[in-house]
Amino acid sequence: MTTDALQGQREWLAGEVAEFEDGGRKTIQIAGDDVVVFRFRDRYCAVKNVCPHMGGPVGDGMIISRVEAVLTEDQRFVCERFSEDEIHLVCPWHGWEFQLEGGECAGDPRIRLRMFDTEVREGQVYVIA
Amino acid sequence: MSTSTPSELLQSMVQVLNSGEREGFDTRKHLENARRQAEERNYSGFVIVDADAHHYEGESWTDIYRYIEDPVLRHRALASDHSGGRGRPIHFEEPGRQSVAGRVRRYELYDREVTPKDVHRDAELSRRQRESIGLDYQIVFPTAMLELGMHPDPFVEVQLSWAYSRWLVENVTPHDPHMKTMIYLPFSDPEASLRAIEEFSDKPGVVGFTVTTTRYQTVHQNKYMPVYAALQERNLPLGFHASFYQRERLFEGMSQFLSVHALGFVFPTVVHATNMVINGIPERFPNLKVIWIESGLAWVPFLMQRLDNEYMMRTSEAPLLKKKPSEYLRENFYYATQPLEMDNMEALELTLNMINAETQLLFASDYPHWDFNLPSTIYDLPFLSEKAKRRILGENAMGVYPLEQA
């Protein structure tokens, strides 16, 4: 379902809040493209389901903390660990990783996912395009 | 003392926040975006041959073991059924790290795919892959068997490869005329390799023979000349299929799979191609079709430049050559595309020019492995003509393999 707001902005109804339990995902169509909508912790994310690498269904991928390396002050390797504040969405075809916040590619920041803003009003989740 | 509950402890250890898992698994759903690419680019309008796809023969070991000819080895292999699934007594396997710790999802979900009972599962999965990706033919290779060239006992390579090949051509390939294969040659034993050529050349789906590159036998030894002659006589291609060997001493200290895989798939290929060229195998068998599979392409310009430079100073060490090493690499060999190194388009264009891609390059997907390519990797290259794209995607392969127009 599409509604045209006053400023010409277009929004798509993704579903009711109750449909999005944490981790659940829903695919909607926006202008002929599959867009995957999901709730992660306290917010809703919407991503075009086409990976900029080879076209994989990136919205179906794993959500996982970024792996970071820990070094000492004199640059010796200590360990690898999961980041506490950077979360990645991973394309299930080839493992390309993207920041969930903004869609920037972990391997090349010039490459981004096509992500959409979301909005919750009166118990409904909307995708803004 | 920790007060964490087991689930909290697990959460802190494993930072998978959401697996993306949905119920079941279906190749057609997983490759839905590939099918859209095929429709948008009208792949049905021309032939596409995948020179390198894979199946997981490891799901069928028990069926394969029944074809082992040696009764003692067959018994030993089948006894693994009594090990509670905790060992494969005749195998010599690499640790599996291809899924990037579960990030590439199909490795974990593959077993959940439901297939009909009246056709072999591997043939059905091949068909689903072809239809989704837009392929006319798929030339299928094994997966775990690629490590067999490093088995400490050559007898196991001979026996197991024979059993696998019989199982494949008697149970799988007859189900589907578009699923093809290159039969595994047990290269540690040239006599057994010749026997395999004689036995399997005319079997359903066989379009050539393959040697796995991770092995220490050198390809120019005299004992292999009858093998090359037999293939040349039959006009069947010889594919050198790359793999890696994590216990290779040079790689022992490498910290990550990425490093071992990036180099491990290429180094043995470079060694074998060097031995083929410098020892004049293309002069001795000018009509032998040799294909280098699953090493990508970036290694070829390196080797061309390196060998030409040294050859010009030491022609006495390569008396069979009538042209520069790079010319043999460009004119006498074929190359499968995958994994196509395409981060630098300028370098890729130069590479394709250097290997004369329009006649020597064969599209390959490597599906379902973690670094697979789609036909769009070739079709979308901005510097190729439509004619060149079609040749690389299928027409070249139709001339290399005994395939009929689909």
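This is a predicted model: local features need pLDDT of at least 70, side-chain atom pairs count only at pLDDT 80 or more; totals for chains, interfaces and linings use all residues.
Trainee: Okay, chain A: how many helices and strands does it have?

Mentor: Helices (H or I, at least four residues) and strands (E, at least two) are DSSP runs, numbered from the N terminus. Read along the sequence, chain A goes β-β-β-β-β-β-β-β-β-β. Its C-alpha trace spans about 60 × 30 × 25 Å along the principal axes. The tally is zero helices and ten strands.

Trainee: What share of its residues counts as buried?

Mentor: Buried means under 20% relative accessible area, exposed over 50%, and partly exposed in between (1.4 Å probe, protein chains only). Chain A has 129 residues, and the buried share is 46%.

Trainee: Is A:Glu122 buried or exposed?

Mentor: A:Glu122 sits in the loop between β9 (115–121) and β10 (124–128) of chain A. Its C-alpha is 17 Å from that of A:Glu21, which is 101 residues away along the chain. With a relative accessibility of 83%, A:Glu122 is exposed.

Trainee: On to the interface. Which residues of chain A lose the most area to chain B?

Mentor: Contact means heavy atoms within 4.5 Å, and 30 residues of chain A touch 28 residues of chain B that way. Buried area is the accessible area (1.4 Å probe) that two parts lose on being put together, summed over both; here it is about 2300 Å², with 52% from carbon and sulfur atoms. Together giving 32% of what the chain A side buries, the residues that lose the most are A:Met54, A:Met62 and A:Trp93.

Trainee: How many salt bridges cross that interface?

Mentor: A salt bridge is a side-chain nitrogen of Lys or Arg within 4 Å of a carboxyl oxygen of Asp or Glu. A:Asp34 pairs with B:Arg36 at 3.0 Å, N to O, and A:Glu97 pairs with B:Arg103 at 2.8 Å. Over all chains the count is 36, while across the interface of chain A and chain B it is two.

Trainee: Why does the A:Glu97 pair join two chains?

Mentor: A:Glu97 is buried at 16% relative accessible area, and B:Arg103 is buried at 7%. B:Arg103 lies in the loop between α5 (71–78) and α6 (106–109) of chain B, and A:Glu97 is in chain A, so the pair joins two chains; the chain A element is strand β8 (residues 97–99).

Trainee: Within chain B, which helix holds both B:Glu39 and B:Arg35?

Mentor: Their side chains form a salt bridge at 2.7 Å, N to O. B:Glu39 is exposed at 54%, whereas B:Arg35 is partly exposed at 32%. They are four residues apart, about one turn, in helix α3 (residues 32–40).

Trainee: And which residues are in the network with B:Glu124?

Mentor: B:Glu124 bridges to B:Arg127, with the closest N and O atoms 2.8 Å apart. The two are three residues apart in helix α7 (residues 121–133) of chain B, so about one helical turn separates them. B:Glu124 is buried at 7%, while B:Arg127 is partly exposed at 28%. Through shared partners, the network joins B:Glu113, B:Glu124, B:Arg127, B:Arg128 and B:Glu131.

Definitions and conventions:
Residues are numbered from 1 along each chain as its sequence is written. Chains are lettered from A and ligands numbered from 1 in the order in which they are written. Side-chain values use heavy atoms; hydrogens and water are left out.
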